[in-house]
Amino acid sequence: MKKALVTWGGWNGHEPEQCANIFVDVLKKEGFDVKLVNTLDVYLDEAYMKSLSLVVPIWTMSPITKEQEKGLIDAVASGVGIAGWHGGMCDAFRNNTQYQFMTGGQWVAHPGGVIDYKVNIVKKDDPIVKGMDDFAMKSEQYYMHVDPSNDVLATTTFSGEHQGYTWVKSCVMPVVWKRLWFAGKVFYTSLGHVAKDFDVPEAKEIVRRGMLWAAR
């Protein structure tokens, strides 16, 4: 049986525990043996980490020790998949650039806070988004620093109407991407500010498919 590790913690505003519970259930239905923990010390267990198929980090705006970071990054490099969303994966450890290099992006702004915006599917033949049409979200529209090597599957376009950030008008920003980190697969979507966002069927299904794609 494939093993998945879900770690949750950090800023409670992203509802990490509630979001974790949603996708623990999803992974169990897909046949995974899932371990759910509220600690980063699990990353220190090298043998356990490298026995996994998948890590799902849900941990916003927190410190991580060099040893914990190394344990996670080395596991992914060895072939363990990593999949996550929103700030739980790409606004996790702001001081850790090697972690950000692995994930492919870092949050920097969400103009206007919770707003209405559209997600555009741009790689319609990819299995993670295949069969999906463009869809609407009412949530935080993430403006991010992103790695140009990301394989981008969906985007959003900024209006420039919020907080005086007029210079971002018509800027096209990745929303869903996948990439490699040595032998490991990396999946990310900026959707999923709070658990209710996954009531949007496309948002939840993109994460489900992304986790399955990333898992070895």
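**Before starting**

This is a predicted model, in which local features need pLDDT of at least 70 and side-chain atom pairs count only at pLDDT 80 or more, while totals for chains, interfaces and linings use all residues. Residues are numbered from 1 along each chain as its sequence is written, and side-chain values use heavy atoms, with hydrogens and water left out.

**Stop 1: helix α1**

Select α1, residues 16-29. Helices (H or I, at least four residues) and strands (E, at least two) are DSSP runs, numbered from the N terminus. From its first C-alpha to its last, α1 reaches 20 Å with 14 residues, close to the 20 Å expected at 1.5 Å a residue. The expected span is 1.5 Å times one less than the number of residues in the helix.

Next, colour Pro16, Cys19, Ala20, Phe23, Val24, Val26 and Leu27, which are buried in α1. They lie on the same side of α1, because they cover an arc of only 165° around the axis. The arc is that of the directions from the helix axis to the C-beta atoms. Buried means under 20% relative accessible area, exposed means over 50%, and partly exposed lies in between (1.4 Å probe, protein chains only). Now turn to the face directed away from the buried side: the exposed residues Lys28 and Lys29 are there.

Which elements do the buried residues of α1 pack against? They pack against β1, β2 (33-37), β3, β4 (81-85) and α6 (201-214). Contact here means heavy atoms within 4.5 Å.

Two residues beside the helix deserve a selection. Glu15 belongs to the loop between β1 (3-10) and α1; its phi is near 50°, a positive value in a residue other than glycine. Glu15 is partly exposed, with a relative accessible area of 25%. After α1 comes Gly31, whose phi is also positive, near 95°.

**Stop 2: helix α6**

Select α6, which has 14 residues and reaches 20 Å from its first C-alpha to its last. Its buried residues are Ala203, Ile206, Val207, Gly210, Met211 and Ala214. Seen down the axis of α6, these residues fall within an arc of 130°, so they line one face of the helix. Among the elements that cover them are α1, β3, β4, β7 (135-140), β10 and β11 (184-189).

**Stop 3: the nonpolar cores**

A nonpolar core is a set of buried Ala, Val, Leu, Ile, Met, Phe, Trp, Tyr and Cys residues joined through side-chain atoms within 4.5 Å. Select Leu27, Leu54 and Met211, the residues with the most contacts inside the largest core, which has 40 residues. The largest share of this core, six residues, comes from α1. A second, separate core of 33 residues includes Tyr48, Val55, Leu72 and Tyr142.

What does Met211 touch, not counting residues up to four places away in sequence? Its contacts are Phe23, Val26, Leu27, Leu54, Val56, Ala83 and Phe187.

**Stop 4: two cysteines**

A disulfide is a pair of cysteine sulfur atoms within 2.5 Å, and the structure holds zero of them. Cys19 is buried, at 0% relative accessible area, and Cys90 is likewise buried at 0%.

**Stop 5**

Select Ser62, in the loop between β3 (54-60) and α3 (66-77). Ser62 counts as buried, at 16% relative accessibility. The side chain of Ser62 reaches the backbone oxygen of Thr60 at 3.2 Å. Beyond its neighbours within four places in sequence, Ser62 is in contact with Gly10, Ala92 and Phe93.

Move to Ser139, in strand β7. Ser139 counts as buried, at 2% relative accessibility. Its side chain and that of Asp197 are joined by a polar contact of 2.5 Å. A polar contact is a pair of N or O atoms within 3.5 Å; within protein, one must be able to donate a hydrogen and the other to accept it, and residues adjacent in sequence count only if both atoms are side-chain atoms.

**Stop 5: Gln163**

Finally, select Gln163, in the loop between β9 (151-157) and β10 (172-181). Gln163 has a positive phi of about 60° although it is not a glycine. At 52% relative accessibility, Gln163 counts as exposed.
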